[in-house]
Amino acid sequence: MRPEATTAQTIARRDPAVVMRLSRLGSFHQSRLSFMRILTRRMTRENWTFSRPVFAFDARGVGHAVYCAHTPDRTYSLIAFGHDLPPEDRSDRVIATRWDSTFTLFDGVPDAADIARLRKNIPLQEAGRVSAKELSVSRANRSVRLWDHVVSCLAAGEQPAQAEVDRVGYLMRTTAVYGSGKLGAADREMIADRPECAAPFQIEMLSVFLTRNYVRDLVQHMASLKGGAATVTLDAEIARSLGIGNSTGLGMAPFLINHPMLLNNWIAAREEAIAIVRNLPRANPAEAQTFRALLGRARVSAERWQSAHPLQINKLRQLRGDLRALADHVAQADLRTGHPWDRLYRWAEDTLGEDAQECLASLLMEPYGALVDPLADRMSDQNSAAFRIDGTMRVGELRAILARAYGWALDTDWTQQQHCARAWYVSAEKLEPRLGERFEEPIAPYEQPLAPGRDAAALAGALQSMDGDAPLAGFLLAHPEHRHSVRRAQIVARAPYAEIRDNTIGSELMPIDMLRCKLSFFGATHFDPRSDRWVRICMFGNAPYPEELAGTQADDWSYPPAHEAGA
Amino acid sequence: MSHSLNEIAAHAKRAARGAGLSWGMAEEAARATRWLAAHDLAGPALLCDVLARNDGLPHAQVAPVSLIGDWHARGGALCPLAAGATLNDCADRLADGRPVRMLSVSCPLLVVPFVAWAAIHLKAPVRVTYDNVRIDTDGDSIRIDDPHRQINVAKAATVTCQRTDAPIGTTQRPGLRGSVTPDIWARLDVFAQRTFAPATEASRLLGAGAGLSDND
């Protein structure tokens, strides 16, 4: 008898109608499939080496450094420019024009002419211009409070207080990391066939990884200039607990809607991973132990996660309580037989909130790297053919797709103001997406196509009078205003996780839900909303530094060490 | 100036939208412009010409009136974006070797990217003929039979699109950068600017979600 054979793969991937709601997307957690972890796994596996050919800064921190990452085939270099920024000019908002440090990731090793050229452009960020040799452009500001604390402590011969470090989590935070052709940089297509760039956002993640190294070196350098011989080296464990912050606003939210195929591929990979694990008929003791240990460490992470935002404070309170309940349950549950992970997931579905359910979903993948990690190869969007509209599709078939994928939207009364209270637009000021009040500001004429649900409902309305057997080509000729919705519907018919199945212009919309979804795929932790549309997060906290990668056994750095807090 | 292809597509999409195209058509215009630019052809300049020519005109006036017989616009010239997108929508019409003929088409080179995508769908090369120009494409590569002919004409009396069995042979593969003169970029920008909402103090504060100190 082979009981596995009869039960294998009977548990399907979760329904897009459940997964693609904003409250759930806004509860996602990092996982083995997060882009930071995909990168660090590759760096360890391929024995990347690192060097710092240039590091030249004066007492005010003005100067530049070059950090090189050597893959088996090529070299990437982070060029970091340090600036002397008066406090009144320090702003994380995208409308800022000066920063503490500015960066570019260079394809190869820059020569003196490259540095001279980039010195004129990188400090200007959006006002500058780069070339196809540059792969990303970014900037970062200090967390002044923690920076000053760490410099003073080290200069005085003491280590900074771990509690102070934990309160912020990073010494600098980036406020934008531009890639993929922005400001004249290389298009993603230029590097997409390199194995280390196959997964999404690997260039951006590498840039942040090297930035963290630069920040550690710079804070040490500034402390040494201040303290001279009395200065101590920053403790390795404290340094490791420090990540790079990131301050992100609305600019990131439309990305998920503007890249439906990519969104599908990210979510589908994660859902496939969850389904694979839930279909396992049994677990061995080592797998169960890995899960239990990482659940404990996930609880440490949740304890250290801080936010001043009322909504997030409530979410955190529930998450911590739910994770305690999960730990209690797991302490006595059978994790060995009878589809243990599926039973656990279904228990959580009935018992815990969405935040803890998604934390569990990510944790389930942890013992199964061999099954889960290869899914990373499916997360990019290589299918440009998805753009083409099939005009031979019959009206009736499109109607059925709309009913299936946009049912929630067809049931919404879009004439009600609260359902279309907001409008996404781009301001003339910084060419950045903004969200306005449709009925209070004169923005409707400038609205961006970021309300797929409303637009799908309008399309369904326009199709009502059409003959079900008519091909779409004729309809599209007469109704170009529905063309983008037809395209989306045909994409979602093939890619079920391509569409957020929720209202993206309602009065209740929390744009931070979209940000958290994207940031969780980056691998970010400690999501800290500063308003309903602006967040701070931490990247690469507890990650190994370049010289520590070789000694890293398990890919579990995204969970803080268990001994650091009373879990 | 050398631009990334993403920059060209983003600029073209905004310009097309600014000139009154629907979002779906603006997406097509952006892809077509990018495709031509990647083949070192005058995509951005031609887009500029078409947008200026049809500025604010309704789709119904510049799109094919009917898909039966030769395609023609209601009054003046066919818009190559509207005709091209429609051709790609029903690319299967080319499968059996019968041609699609379009009459009086402005900037006909802009039809070629759509034909290229139709060729990918058909898995067979398609030939575009206008004036004395003959262009073959299999979707990725392109062959212009005589590179000395003027292909950037403002208007062609007839554009014929037809499957071909001719091998593509020596061809022009797409590049990874595009070149756009500052003048063309600025002309597109005039259209693109129309899509941006004027900044107000309220939108500055509310729209981007500020409110808390971020210098800590």
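## Chain B at a glance

Of the 216 residues that make up chain B, 53% count as buried (a residue is buried if 20 or more other C-beta atoms lie within 10 Å of its own, exposed if 12 or fewer, and partly exposed in between, with C-beta atoms placed from the backbone). Before going on, a word on the model: it is predicted, local features need pLDDT of at least 70, side-chain atom pairs count only at pLDDT 80 or more, and totals for chains, interfaces and linings use all residues. Residues are numbered from 1 along each chain as its sequence is written, while chains are lettered from A and ligands numbered from 1 in the order in which they are written.

Chain B holds eight helices and seven strands (DSSP runs numbered from the N terminus: helices are H or I with at least four residues, strands are E with at least two). A compact globule of 216 residues would have a radius of gyration near 17 Å, and the 19 Å of chain B agrees with that (the radius is taken over C-alpha atoms, and the globule rule is 2.2 Å times the number of residues to the power 0.38). The C-alpha trace of chain B spans about 65 × 40 × 30 Å along its principal axes. Of the contacts in chain B with a separation of 6 or more, 68% are between residues 24 or more positions apart (two residues are in contact if their C-beta atoms, placed from the backbone, lie within 7 Å).

## The sheet of chain B and its helices

Chain B has an open sheet of five strands, ordered β2-β6-β3-β4-β5, with antiparallel pairing (two strands pair if DSSP finds at least two bridges between them). Its edge strands are β2 and β5 (142–144) of chain B, each of which pairs on one side only. From one strand to the next, the twist averages 20 degrees (axes are lines fitted to C-alpha atoms, for helices over the stretch in contact, and angles run from 0 to 180 degrees between N-to-C directions).

Helix α6 (residues 112–122) of chain B lies across β3 (126–130), β4 and β6 of chain B and runs at about 155 degrees to β3(B).

## An enclosed helix

Helix α3 (residues 43–53) of chain B is worth a look: eight of its eleven residues are buried, so it is largely enclosed by the rest of the structure. The buried residues are B:G43, B:P44, B:A45, B:L46, B:L47, B:C48, B:V50 and B:L51. Their cover includes α1 (5–18), α2 (23–38), α5 (80–89), β2 (100–106) and α7 (182–193) of chain B.

## Chain A: overall build and domains

Turning to chain A, its secondary structure comes to 23 helices and eleven strands. Its radius of gyration is 25 Å, close to the 24 Å that the globule rule gives for 567 residues, so chain A is as compact as a globular protein of that length. Its C-alpha atoms fill a box of roughly 85 × 60 × 45 Å along the principal axes. Of the 567 residues of chain A, 51% count as buried. Among its contacts between residues at least 6 apart in sequence, 76% join residues at least 24 apart.

Chain A is divided into domain 1 (11–27 + 264–278 + 374–513), domain 2 (35–249) and domain 3 (281–367), with bounds that come from an automatic or database domain assignment. The centres of domain 1 and domain 2 of chain A, taken over C-alpha atoms, are 36 Å apart. Their contact takes seven residues from domain 1 of chain A and six residues from domain 2 of chain A. The domain 1 side has two nonpolar, one polar and four charged residues (Ala, Val, Leu, Ile, Met, Phe, Trp, Tyr, Cys and Pro count as nonpolar, Asp, Glu, Lys and Arg as charged, and the others, Gly among them, as polar).

## The sheet of chain A

Nine strands of chain A form an open sheet in the order β1-β2-β3-β4-β5-β6-β7-β11-β10, with mixed pairing. The edges are β1 (49–57) and β10 (525–531) of chain A, each pairing on one side only. The twist averages 25 degrees from one strand to the next. Within this sheet, strand β4 (residues 101–107) and strand β5 (residues 134–142) of chain A pair in the antiparallel sense over six bridges, and A:T104 stands opposite A:V137 in β5(A).

## Where the chains meet

Between the two chains, 54 residues of chain A are in contact with 43 residues of chain B. On the chain A side, the elements that give two or more residues are α6 (144–155), α8 (188–191), β8 (422–426), β9 (433–437), α21 (472–478), α22 (483–494) and β10 of chain A. The largest share, four residues, comes from α21(A). By class, this side of chain A has 23 nonpolar, 14 polar and 17 charged residues.
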